[in-house]
Amino acid sequence: MVKDLLRPDYIFESSWEVCNKVGGIYTVLSTRAKTLQDEMKDRILFIGPDFWKENESPYFREEKSLFAAWQWVAKESGLSVRVGRWTVPGEPIAILVDFSPFFEQKNEIYAWLWEHYGVDSLHAYGDYDEASMFSYAAARVVESFYHWKTELGEWKDGVEKIVYHANEWMCGLGALYVNNHLPQIGTVFTTHATSIGRSIAGNQKPLYDYLFAYNGDQMAGELNMQSKHSIEKQTAMFVDCFTTVSDITANECKELLDKPVDVVLPNGFDNSFVPKTAVFTRKRRAARRRLLDVANALLGETLGDDTLIVSTSGRYEFRNKGIDVFVEAMNRLLRDRDLKKKVLAFIEVPGWVGEPRKDLQERLAGKASYDTPLDVPQVTHWLHNMSHDNVLGMMKYYDMHNRREDNVKVIFLPCYLDGQDGIVNLSYYDVVLGNDLCIYPSYYEPWGYTPLEAIAFKVPCITTDLAGFGLWANKEIGRYGEIEDGVKVIHRTDYNYSEVADAIKDTVARFSAMDDKEVEACRKKADALSKKALWSEFIQYYHEAYDIALRKAAARMDNHR
């Protein structure tokens with residue numbers, strides 16, 4: 001079957017997160033880049049926003065000699081671009097485009113969008129304008145490059161097989177522009193989470209039980225999401241191939257965007273940065289040592305290496321990411337008679353962080369051990385909104401003050417772990433491998449990189465079947481995953497919060513009673529499962545999507561002739 005797939009000669013892929021690390025889509029694109037670059041050899045071009053004025057993007061290296069002649073042509077036509085390499089494995093070509101000049105034409109662009117595709121940009125606010133102008137600029141880059149190659153005679157119009165791949169509603173406008181102005185190019189659109197689904201979940205409304213009954217357009221009006229929903233829905237309708245990242249989000253697309261997806265593109269992983277055996281063991285020891293040192297300095301205790309270190313992490317979406325259930329479960333674990341070890345639980349979620357605590361830094365710098373806790377022994381960095389923070393508020397409500405007699409200590413690490421936070425000073429990946437168990441009880445999670453990253457670092461994890469990754473794990477295991485399989489998948493609904501908290505508590509208690517051999521078996525299973533989610537396994541779904549888009553473009557050109 002694979003032999004019959006149409007393969008693209010060139011791929012253009014646009015995203016707000018090309019050379020711009022702001023969220024999970026950066027991980028998707030940057031880890032997939034090497035697999036496609038190996039196949040395409042500089043015939044995949046990533047297009048991202050160029051708003052790097054004073055400070056250069058740390059993920060971009062400009063190379064003025066790349067397509068030098070085209071850069072001049074682009075400039076002549078009013079496009080300000082910089083071409084270079086995205087400094088991730090594979091180092092694919094990246095084109096950064098300055099979209100600011102197009103704000104002057106915003107009304108005309110939106111009018112065109114309304115006339116041709118019925119997209120309602122009237123209610124736009126926030127990041128809608130910025131994203132739309134970038135999206136338009138990205139499409140103009142493709143148009144300019146296409147005409148340049150054609151005029152050179154390198155591309156025969158309509159013969160070359162070219163794909164334009166747009167990620168998220170933020171790149172929808174560009175996909176529609178390409179669809180309209182360059183019908184010979186096959187268009188692919190990936191929604192990584194529907195804007196309206198995320199909004200329903202984030203506004204404390206039950207999403208899943210009522211999914212069949214929600215009207216996406218109506219909900220968009222109610223939640224003030226008309227413009228984002230409109231561009232996302234119309235892009236899904238008009239592109240050649242509409243895709244998303246998991247079965248759970250595919251269902252959401254069908255119900256809320258009224259458009260079934262053509263292909264599901266699960267998010268893979270590139271494990272090239274998982275350290276090998278000797279380095280892995282050394283890094284794991286160092287991470288555990290550091291986490292215990294931080295905890296002991298903060299708590300005024302001497303927790304030893306037999307402490308069970310667990311954590312949750314991700315974006316600070318208190319309900320969607322299940323941070324609330326994590327705190328709930330740790331509170332219940334405090335009174336659990338089956339718990340066989342002391343538990344040190346970290347919440348590694350970037351909050352509105354102020355500065356690292358000076359008193360904690362001083363203790364960490366000294367060699368002495370302390371037997372009294374610091375004030376507020378629940379947090380490593382001061383926050384700008386201590387009294388209004390959800391994590392600290394919930395811990396206070398439950399009277400969780402990390403007392404000496406408590407067998408479960410919960411510590412909020414409210415900053416990006418980039419190796420320079422002032423307290424832990426290790427990168428996120430270096431911290432993850434120090435854990436015994438990672439817990440991600442998501443309520444809304446289209447895919448779920450955090451559990452996939454955990455098992456790639458041989459750390460067993462707990463997740464739910466409302467995460468795309470959790471559903472995938474169940475499918476691979478052939479039933480609901482248990483912790484002995486490397487991934488425990490908990491059934492989660494709109495209303496079973498309490499049962500989920502109990503299931504987490506029971507799983508941690510069970511894990512605490514395992515001997516070294518049993519723990520090692522769990523770690524091996526986690527590692528083996530992660531290998532099934534490598535990009536080398538998942539890239540086939542992208543080839544399906546490209547094939548669909550290219551066939552539709554070819555049929556369109558045949559009809560034109």
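Let me begin with the term we need for everything that follows: helices (H or I, at least four residues) and strands (E, at least two) are DSSP runs, numbered from the N terminus. On that basis, the secondary structure of this protein comes to 19 helices and 17 strands. The radius of gyration, taken over C-alpha atoms, is compared here with a globule rule of 2.2 Å times the number of residues to the power 0.38; the protein has 25 Å, close to the 24 Å that the rule gives for 561 residues, so it is as compact as a globular protein of that length.

Before going further, please keep in mind that this is a predicted model, in which local features need pLDDT of at least 70 and side-chain atom pairs count only at pLDDT 80 or more, while totals for chains, interfaces and linings use all residues. Residues are numbered from 1 along each chain as its sequence is written, and side-chain values use heavy atoms, with hydrogens and water left out.

Along the principal axes, the C-alpha atoms fill a box of roughly 80 × 50 × 45 Å. If we take contact to mean heavy atoms within 4.5 Å, then, of the contacts with a separation of 6 or more, 73% are between residues 24 or more positions apart.

Now to the sheet, where two strands pair if DSSP finds at least two bridges between them. Nine strands form an open sheet with mixed pairing, in the order β3-β4-β5-β2-β1-β6-β7-β8-β9. At the edges stand β3 (60–62) and β9 (263–264), each with a single partner strand, so one side of each is left without a neighbour in the sheet. Within this sheet, β6 (residues 162–167) and β7 (residues 186–191) pair in the parallel sense over five bridges, and Tyr-164 stands opposite Thr-187 in β7.

Strand β4 (residues 81–86) holds Gly-84, which is buried at a relative accessible area of 0%. Leaving aside residues up to four places away in sequence, Gly-84 touches several residues, including Phe-60, Arg-61 and Glu-62 as well as Pro-92, Ile-93 and Ala-94.

Strand β15 (residues 437–439) in turn pairs with β16 in the parallel sense over two bridges, with Cys-438 standing opposite Cys-461 in β16. Both faces of β16 (residues 461–464) are covered, with Cys-461 and Thr-463 buried on one side and Ile-462 and Thr-464 buried on the other.

Finally, two backbone details deserve a look. Phe-67, in the loop between β3 and α2 (68–76), has a positive phi near 50 degrees although this residue is not a glycine, and Phe-67 is buried at 16% relative accessible area. Asn-224, in the loop between α7 (216–222) and α8 (226–238), also has a positive phi, of about 60 degrees, without being a glycine, but Asn-224 counts as partly exposed at 40% relative accessibility.

How values were computed
Buried < 20%, exposed > 50% of the residue type's maximum accessible area, 1.4 Å probe, protein only.
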